[in-house]
Amino acid sequence: MKLVPMSKSRYAAFKRDAISGYARAKVEAGVWDELEAMALAQRDHDQLLPDGLKTSDHYLFELVVDSDSVGVLWVYTQPDSVMPGAYVYDIEIDAEYYRMGYGRRAMLALEDWCAERKLRRIELNVFAANRPAIRLYEGLDYRATNFNMQKYL
């Protein structure tokens, strides 16, 4: 698996899919109202990536296996923090490549990429309902560091 800088054409599709997927996940988690979700997701995305592919300290990759693009990965780096690290904002494996081990391979490739840059940790957020992702991360020795809880009234 290679982490290849995302092309402009892939970025356009990624941006559209990332915003709609994030909005949907926030609604399903009960965090956002469905009527406002797309606007809120667009706002968050624009704040995080104001310069798109050229946003400082953000790396957007295509995940490439044998010259096939199998997904995308969005990583933010914090090289100057007390414990230099990376934060995974998004990882998506294209539907036709589900359950083929590419998510795992992508995370291992990210570990190598981070090690080359002397980044000592990788953080990410996963929605509680996303059991396949939780199993993936636990299988790679990630551990929970925070829990957000809520009660509907």
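**Exercise 1.** Determine which residues D94 contacts, leaving aside its neighbours within four places in sequence.

*Solution.* Contact means heavy atoms within 4.5 Å. By this criterion, and with neighbours within four places in sequence left aside, D94 is in contact with R10, S69, V70 and G71. The model is predicted: local features need pLDDT of at least 70, side-chain atom pairs count only at pLDDT 80 or more, and totals for chains, interfaces and linings use all residues. Residues are numbered from 1 along each chain as its sequence is written, and side-chain values use heavy atoms, with hydrogens and water left out.

Next, consider the partner R10: its side chain and that of D94 are joined by a polar contact of 2.8 Å. Such a contact is a pair of N or O atoms within 3.5 Å; within protein, one must be able to donate a hydrogen and the other to accept it, and residues adjacent in sequence count only if both atoms are side-chain atoms.

Finally, locate D94: the residue is found in the loop between β4 and α3. Helices (H or I, at least four residues) and strands (E, at least two) are DSSP runs, numbered from the N terminus.

**Exercise 2.** Classify the packing of α3 and α4 by angle and handedness.

*Solution.* Axes are lines fitted to C-alpha atoms, for helices over the stretch in contact, and angles run from 0 to 180 degrees between N-to-C directions. α3 and helix α4 (residues 131-139) pack at about 45 degrees, with axes 10 Å apart. Angles under 35 degrees count as roughly parallel, over 145 as roughly antiparallel, 65 to 115 as roughly perpendicular and the rest as oblique; α3 and α4 are therefore oblique to each other.

The contact is made by G103, R104 and M107 of α3 and L136, Y137 and G139 of α4. For handedness, a crossing is left-handed if the near helix is turned anticlockwise from the far one by less than a right angle, and right-handed if clockwise; α3 passes α4 in a right-handed crossing.
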